[in-house]
Amino acid sequence: MGIHLENGRDSNAADCEYSSAIRIKPALHPSTRYLSCVTMTASPTARPQNSAERLVYKIAAQPEFSAIHRLNYETFVEEIPQHAPNTGRLLIDRFHAQNTYVVCLADTRLVGMVSGRSERPFSLDQKLANLDRCLPPHRNALEIRLLAVRREYRKTSVFIGLMRFLSTHFMERGCDLAVISGTVRQLKLYRHLGFEAFGDRVGAADATYQPMYLTLDEFCRRSASWRGSATSP
């Protein structure tokens with residue numbers, strides 16, 4: 001499932017141009033030219049169920065935060081045992097106040113999320129000494145974290161939609177490089193997206209991550225040619 005932006009901006013902005021049979025109706029923030037929301041109607045073959053569904057990619061606001069904390073818990077406590085369980089079944093990220101969250105809503109249900117943050121120190125700064133020496137030349141970097149997609153949407157391109165929106169958002173704000181701690185369960189997918197591994201693996205035996213970086217120009221170049229083939233496993 002690809003994306004075609006009809007946002008009234010220069011179609012060459014961020015060198016990203018997405019195309020598909022899916023119609024997008026984005027909304028621009030009233031005080032900027034930045035893309036703030038993308039709405040699309042998925043065809044029956046582009047979603048887990050056999051009926052049309054409205055998908056929205058957007059920067060999360062207060063009403064989505066509870067659902068973000070729940071999906072964060074389900075993914076990084078129950079599925080990947082990175083954090084200890086709690087009775088509230090909510091996981092609030094330690095950088096929550098600084099995070100920019102991109103979410104995908106299927107009708108009104110949150111089905112995917114990812115966060116970006118350009119303030120240093122990154123989480124990886126605390127895991128790897130001299131992080132910048134491991135990275136290629138760049139102007140401004142961001143750290144991508146908390147990438148989570150509900151199981152029933154992992155065979156769709158919700159994953160790619162989240163990454164495209166997040167990349168465009170931060171490129172418009174001067175970032176040109178992203179770092180991530182990629183779960184070793186999905187290294188093939190990360191490499192397909194253009195991520196390059198560096199440094200030693202971090203984390204525990206049952207929640208192991210590979211530090212990786214991605215140039216945003218390279219991601220946009222690759223994603224411009226995808227026509228639904230890059231879906232999360």
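Analyst: What follows goes from the nonpolar core to a helix and then to the salt bridges.

Please keep in mind that this is a predicted model. The largest nonpolar core has 36 residues, and those that touch the most other members are L142, I144, F159, L162, M163 and F195. Helix α2, which spans residues 158-171, gives the most to this core, with 9 residues. Apart from this core lies another one of 32 residues, including C37, A60, L71 and V202.

I144 shows how parts of the chain come together: leaving aside its neighbours within four places in sequence, I144 is in contact with V114, S115, M163, L166, A178, V179, I180, S181 and F195.

Helix α4, residues 216-223, can be followed in the same manner. Its buried residues are L216, F219, C220 and S223, and because they cover an arc of only 95 degrees around the axis, they are on the same side of α4. As a general point, an α-helix has 3.6 residues a turn, so residues three or four places apart point the same way. The buried residues of α4 pack against the strands β6 (141-149), β7 (177-183) and β10 (207-215), and also against the helices α2 and α3 (187-193).

Turning to charges, a search of the whole structure finds 13 salt bridges. In one of them, E78 pairs with R89, and the closest N and O atoms are 2.8 Å apart. E78 lies in helix α1 (residues 65-79) and R89 in the loop between α1 and β4 (100-106), so this pair ties together parts that are 11 residues apart in sequence. E78 is partly exposed, with a relative accessible area of 46%, and R89 is partly exposed as well, at 36%.

D93 forms a salt bridge with R145, with the closest N and O atoms 2.8 Å apart. Since D93 lies in the loop between α1 and β4 while R145 is in strand β6, the pair ties together parts that are 52 residues apart in sequence. Both D93 and R145 are buried.

A further salt bridge joins D176 to R139, the closest N and O atoms being 3.5 Å apart. This pair links distant parts of the chain, with D176 in the loop between α2 and β7 and R139 in the loop between β5 (109-117) and β6, 37 residues apart. D176 counts as buried because its relative accessibility is 15%, under the cut-off of 20%, whereas R139, at 62%, counts as exposed. Finally, salt bridges that share partners join E79, R151 and R154 into one network.

How values were computed: Residues numbered from 1 in each chain as written. Predicted model: local features only at pLDDT ≥ 70, side-chain atom pairs only at ≥ 80, totals over all residues. Heavy atoms only, no water. Core = buried A, V, L, I, M, F, W, Y, C linked by side-chain atoms within 4.5 Å. Buried < 20%, exposed > 50% of the residue type's maximum accessible area, 1.4 Å probe, protein only. Helix = DSSP H or I, 4+ residues; strand = E, 2+ residues; numbered from the N terminus. Contact = heavy atoms within 4.5 Å. Arc of directions from axis to C-beta. Salt bridge = Lys/Arg side-chain N within 4 Å of Asp/Glu carboxyl O.
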